[in-house]
Amino acid sequence: MEFNLKEGLKATVEKVVTENDTAAKFGSGDIKVFATPMMIGLMENAALKAVDKELGKEHATVGIHLDVKHIAATPIGMKVTAKAELTKIEGKKLYFKVEAYDEKEKIGEGTHKRYIINVDKFLNSIENK
């Protein structure tokens, strides 16, 4: 199984924070600021967009590990940008540097690992669980 992956692949995703993206709405806090789980989801989305297009329809990636710091709060109405860069390939394991920024400053940073799966085999394995 050969994939067209190389270290240095990057992707960026953006979203404007709404009330539905807040810690208060998500249940991870009481304050109406961008929730940590939402930031992590945006970072994961950037990582998968960096590589999944190179895998073809039979394969995809799933997140298997995150080590992320949420270092600054972001209010409703501000745009958040998440960036991911593929830094290492170890067989089917992919390692990423992830960062998130709002319109004023860096709000998060860390590392993320994803694993390449065969979509049909993966779906069959969870159906039989």
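Read along the sequence, this protein chain runs β-α-α-β-β-β-β-α. That is three helices and five strands, taken as DSSP runs numbered from the N terminus, with helices being H or I of at least four residues and strands E of at least two.

Some ground rules. This is a predicted model, where local features need pLDDT of at least 70 and side-chain atom pairs count only at pLDDT 80 or more, while totals for chains, interfaces and linings use all residues. Residues are numbered from 1 along each chain as its sequence is written, and side-chain values use heavy atoms, with hydrogens and water left out.

Overall dimensions next. The C-alpha trace spans about 45 × 35 × 20 Å along its principal axes. The accessible surface is about 7600 Å², and carbon and sulfur atoms hold 49% of that; areas come from the Shrake-Rupley method with a 1.4 Å probe, and for residues only the protein chains shown count as cover. Of the 129 residues, 34% are buried. Buried means under 20% relative accessible area, exposed means over 50%, and partly exposed is in between, with a 1.4 Å probe and protein chains only. Among contacts with a separation of 6 or more, 65% are between residues 24 or more positions apart, a contact being heavy atoms within 4.5 Å.

Arg-114 sits in strand β5, residues 106-118. Is Arg-114 buried or exposed? Arg-114 counts as buried because its relative accessible area is 4%. Its side chain makes a polar contact of 2.8 Å with that of Thr-61. A polar contact is a pair of N or O atoms within 3.5 Å; within protein, one must be able to donate a hydrogen and the other to accept it, and residues adjacent in sequence count only if both atoms are side-chain atoms. Beyond four places in sequence, Arg-114 also touches several residues, including Glu-44, Lys-92, Lys-93 and Phe-96.

Thr-74 is in the loop between β2 (59-70) and β3 (79-90). The relative accessible area of Thr-74 is 0%, so Thr-74 is buried. Which side chain does Thr-74 pair with at 2.9 Å? The partner in that polar contact is Asp-102. Leaving out residues up to four places away, the contacts of Thr-74 include Val-17, Val-33, Phe-34, Val-80 and Ile-107.

Last, helix α3, residues 119-127, which contains Leu-123. Leu-123 is partly exposed because its relative accessibility is 39%.
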